[in-house]
Amino acid sequence: MKREHFRATVGILAGGHGLPILRLLHSRGWSIASDVASELEIHTTTASKYLTKLHEVGILDRRTRDCRTRKAHEYRLRSPRISLDVDIRDSQDDDLVPVCEFYSSVLFGMIKKTEKIGWAIINPAVEETLSELQDSSENEISDIIAYIDVKGGHASTFRRLREAIESGELQCELIDLKKAFTAVFERVLGLCSEGVGPTTASRIFQLALRTSPKRASSLAAEYGLLDVFSEDAVYDRKRG
Amino acid sequence: MTESEDRVKTGIEGLDVLSKGGFPRNSVNLVSGPAGSGKTLLATQFFFNGARDNGDAGLYIVLEENRENIIRAMKNFEMDLDGPEDKGRLFLIDLGEMRTEQDRGVVSFREIADFLESFIARSKPKRLILDSLPVVSLYYRNVEEFREELFTFSRYLRQQDLTTLLITESLEDQYLTRFGVEQFVADSFIVLGLEDVRGELRRTLTVRKMRFTKHDTAKHPFLITPRGIEVMSGEKVV
């Protein structure tokens, strides 16, 4: 979660009517601002302001309902559980490029190794699965995945990500990179486990990790980017 | 199942005659011989001929040689993995690529079984070649442990819809196999030999054991021709 996003979310939840509105929507389902206002005995403008902001930070779903005289927005709670995931460290921006290098080198190290052992379909399979992932992911993730160039390999992917970050074309935080690449690795590990078995898949990843750049590896450990590579995680994906 | 359906032809001239039609279906077979005796060639022919003559998908697991060397060697004997016989039916997998400096051995039988579990479900091979057992043995502390795990692995293989060929080696003037135990676990056992006859090496093949089969037990000469191994089933080495 980006820091501005985190601030906005906490701000609206901390407001006096934030949680009562969520509780109400949890019990009522789809509701318009005037329903909320009359139930909570607050002004419709206040209810409307809260609902709009809660929708903007992703806590509420919104749809348009045709009323007799005009159109109105209806809202409902997306999930009764709200989690906030934010990394509070300040110096992450300098580390974005090395982290990209780490992720890219591990991803393509793994693809190359898998090809080398003779499972030739890994490349098109990864391409297909990333395209599916891009289509089905939220914007923050799909924006990052768009820079992964399966055919061009590590050099091309890393160059594209680096240039996009340095030029400001890709505006993301470390948490976004982690989310995007965790999703990528989950898919690719699943693919690999299906094709060559979880043990071999896990060893392929361990080998790719060992050959990743040293500075990038230490950043990966510092930021906890390695969770996705644990052996248990690989087996879980196989079982899943 | 008719007699011919019960056998898996190797497609190797002469060998199918000696073995009464090939290996028993879904069996675990062993070929042994000293360096340069033609073990890998015999195995690649079994692998390739299955796809060419019967449309059988095949999986060849390399642990020792690298993949490129096997492909190059096969091409020398008119076996082209990119050719029309392949069509996604022949898989040459180099698990030796998994070797690292930290590893005691390349892979264990359990890891190979784990690999097969996924691979069989996806690609449905009918023929499996494992090249070679001595590399897997490096994983184990002693011959007893190796034998025990090989026994479990062979039982697993027989439960699959697969006819397997395992390759092992023999040291000259010693046991018929590297560890002296492999042949007890396998359903059939073929020994390749290299004999010095007046300064020239003569190649020989003997079917030492084949369960459920009244096979020929004599030692036969064989030639390596541009098309691969040709066993002279009508001739015996005395």
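**Entry 1: ground rules.** Helices (H or I, at least four residues) and strands (E, at least two) are DSSP runs here, numbered from the N terminus. I am working with a predicted model, and I began with a loop in chain B.

**Entry 2: the cis bond.** I looked up S132(B) and found this residue in the loop between β6 (127-131) and α5 (133-137) of chain B. The peptide bond joining D131(B) and S132(B) is cis, with an omega of about 15 degrees. I made a note of it because most peptide bonds are trans.

Entry 3: R198(B) sits in the loop between β8 and β9 of chain B. R198(B) has 5 C-beta neighbours inside 10 Å, so I filed this residue as exposed; the cut-off for that class is 12 or fewer.

F212(B) is another, with a positive phi of about 65 degrees. I located F212(B) in the loop between β9 and β10 of chain B. F212(B) has 13 C-beta neighbours inside 10 Å and therefore counts as partly exposed.

Entry 4: β8 (residues 188-197) and β9 (residues 200-210) of chain B run antiparallel and pair over 10 bridges. Within this pair, R202(B) in β9(B) stands opposite E195(B). The two strands form a hairpin with 2 residues between them, and R198(B), my positive-phi residue, belongs to that hairpin.

From β9(B) I moved on to β10 (residues 219-225) of chain B; 3 bridges join the two, again antiparallel. I wrote down two of the facing pairs: L205(B) has H220(B) as its bridge partner in β10(B), and T206(B) stands opposite K219(B).

Then comes β11 (residues 228-231) of chain B, joined to β10(B) by 4 bridges in the antiparallel sense. This is a hairpin too, with 2 residues between β10(B) and β11(B). Here T225(B) faces G228(B) in β11(B).

**Entry 5: the sheet in chain A.** In what order do the 3 strands of the open sheet in chain A lie? I read β1-β3-β2, with antiparallel pairing. β1 (31-32) and β2 (60-66) of chain A have a single partner strand each, so they stand at the edges and one side of each lacks a neighbour in the sheet.

β1(A) pairs with β3 (residues 71-77) of chain A over 2 bridges, and Y75(A) in β3(A) is the bridge partner of S31(A).

**Entry 6: nonpolar cores.** The largest nonpolar core holds 100 residues, and the members touching the most others are L177(A), V188(A), I61(B) and I129(B). Beyond its neighbours within four places in sequence, I129(B) is in contact with A43(B), F46(B), F47(B), Y60(B), I61(B) and L165(B). Apart from this core lies another, of 13 residues, including L25(A), A33(A), A47(A) and L60(A).

**Entry 7: where the chains meet.** I found 15 residues of chain A in contact with 16 residues of chain B. On the chain A side, the elements giving two or more residues are α5 (92-117), α9 (174-196) and α10 (198-210). Which of them gives the most? That is α10(A), with 5 residues. By type, the chain A side divides into 5 nonpolar, 6 polar and 4 charged residues.

Entry 8: I looked at S212(A), in the loop between α10 and α11 (214-222) of chain A. With 19 C-beta neighbours inside 10 Å, S212(A) is partly exposed, because buried would take 20 or more. S212(A) and S156(A) are 56 residues apart in sequence, and their C-alpha atoms are 16 Å apart in space.

Entry 9: The mean pLDDT of chain A is 84, and 87% of its residues reach 70 or more. Confidence is highest in helix α8 (residues 153-167), at 94, and lowest in helix α12 (residues 231-239), at a mean of 48. Over residues 234-240 of chain A the pLDDT is below 50, and beyond near neighbours in sequence that stretch has 12 contacts in the model.

Terms used
Residues numbered from 1 in each chain as written. Chains lettered and ligands numbered in written order. Predicted model: local features only at pLDDT ≥ 70, side-chain atom pairs only at ≥ 80, totals over all residues. Pairing = 2+ DSSP bridges. Core = buried A, V, L, I, M, F, W, Y, C linked by C-beta atoms within 7 Å. Contact = placed C-beta atoms within 7 Å. pLDDT = per-residue confidence, 0-100. Nonpolar A, V, L, I, M, F, W, Y, C, P; charged D, E, K, R; others polar.
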